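Please read the numbered points alongside the sequence and the model.

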Amino acid sequence: MACTSANSLLQLKGSSHHRPVLNFRRNIATHYSPGLLKSDGLIHKGFRHQSPKHFVPRNKVTVIRAVAIPVEPAPVESVEYRKQLAERYGFEQIGEPLPDNVTLKDVITSLPKKVFEIDDVKAWKTVLISATSYALGLLMISKAPWYLLPLAWAWTGTAVTGFFVIGHDCAHKSFSTNKLVEDIVGTLAFLPLIYPYEPWRFKHDKHHAKTNMLKEDTAWQPVWKDEFESKPLLRKAIIFGYGPFRCWMSIAHWLVCHFNLKTFRPNEIKRVKISLACVFAFMAIGWPLIIYKTGIMGWIKFWLMPWLGYHFWMSTFTMVHHTAPHIPFKYSEEWNAAQAQLNGTVHCAYPQWIEVLCHDINVHIPHHISPKIPSYNLRAAHKSLQENWGKYLNEASWNWRLMKTILTVCHVYDKEQNYVSFEEVAPEESNSIKFLKEVMPDYA
């Protein structure tokens, strides 16, 4: 049992949304007054009222008081404390920390072998679902009165997200046993999104290899305080990007990370160029055809709005998968693969129609345990993880409190707290964050 002398205070800091931080402070309560001696419950003040015969020289007196005070376990290890955090952040469960001696291989080998099996029928069924739902969405857009167009766009944007998930499986080599088929299907699935397949695949592989590793993960990264403070002209844009517009920030990620040949290795350039050529060909042929047939407003109705709907889900899914006040980003020297993939990934349930159209991509923890698991086997794999590793899992159902926590708290990297809100770093410029706190519902 750990002990400490005198008084030890375990203080918990944090606002209603901030991650509480454990600060251990030693307050040594040894206050001396002239001639004050406490022993056996009696207090004798000074020596002036003592007769000389009872006087004992100070250097002959030794007072030893040993006090052993048990230190409570760190709150993050407490079941009750994690329940409180889950309620505060909008989670159903916050998993307990995974022991350091557990490896990713330990978790992978605990999964049934059947979840890794590729089934061509099930794979092509996902293509049929996406193609049919996307065609239905386009029909809805063509027939809907103006006031129902937002519903048609929401459906179509979600349906086209299913195309992305199909390409996503192809990139992970979990769609087909024929790799040429995977490359062709993946490239075609990404075309309506004007997403270059190979550049995305190379970047995404790094995301899986370096999940929640500072400066290395190619998905979401916290804002760096020094960069934030050194760029006053960009500060407003960063605040809006990580605040009100965060659900569309994948557009910036798409534009910045996938079209610059200098960011790829020499052995990747040829495949990257092929993907870029396909995307530019689609834009050069597809867009003029849409405009020729339906006009510029038709291009906005049939392509742009569903594309924005796709990016809403792309941004939302990605940030919910790995962003929460209690989930840390770590430097490479302290990063642990099993902890990052099992403890640092979130399972979030969405309404059933979204799960169907997006092929269970939000059953995300098993996907990070092994990207080789096909999307149609993710639920079976997750059930196995719940049975064997359930107490370590972070689980939620989509709710407003969860989103509010991410959008108003998870901003600037902090070693102790994981995240610090823009309101703490730049309160005078964070009116948009204050606005979100006021207008976003807080129910889970």
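1. Leu148 sits in the loop that links helix H3 (120–143) to helix H4 (149–171); helices are DSSP runs (H or I, at least four residues), numbered from the N terminus. Leu148 is partly exposed, its relative accessible area being 36% (buried is under 20%, exposed over 50%, partly exposed in between; 1.4 Å probe, protein chains only).

2. The model is predicted: local features need pLDDT of at least 70 and side-chain atom pairs pLDDT 80 or more, whereas totals for chains, interfaces and linings use all residues. Residues are numbered from 1 along each chain as its sequence is written, and side-chain values use heavy atoms, without hydrogens and water.

3. His368 belongs to helix H13 (residues 365–369) and is buried, at 2% relative accessibility.

4. Beyond neighbours within four places in sequence, His368 contacts His207, His208, Thr211, His322, Gln341 and Thr345 (contact: heavy atoms within 4.5 Å). Which side chains make polar contacts with that of His368? The side chain of His207 does so at 3.3 Å, and that of His322 at 3.1 Å (a pair of N or O atoms within 3.5 Å, one able to donate a hydrogen and the other to accept it).

5. In helix H8 (residues 232–242), the buried residues are Arg235, Ile239, Gly241 and Tyr242. They lie on the same side of H8 because they cover an arc of only 160° around the axis (taken from the directions from the helix axis to the C-beta atoms). Exposed Leu233 and Ala237 are on the face turned away from the buried side.

Definitions and conventions. Helix = DSSP H or I, 4+ residues; strand = E, 2+ residues; numbered from the N terminus.
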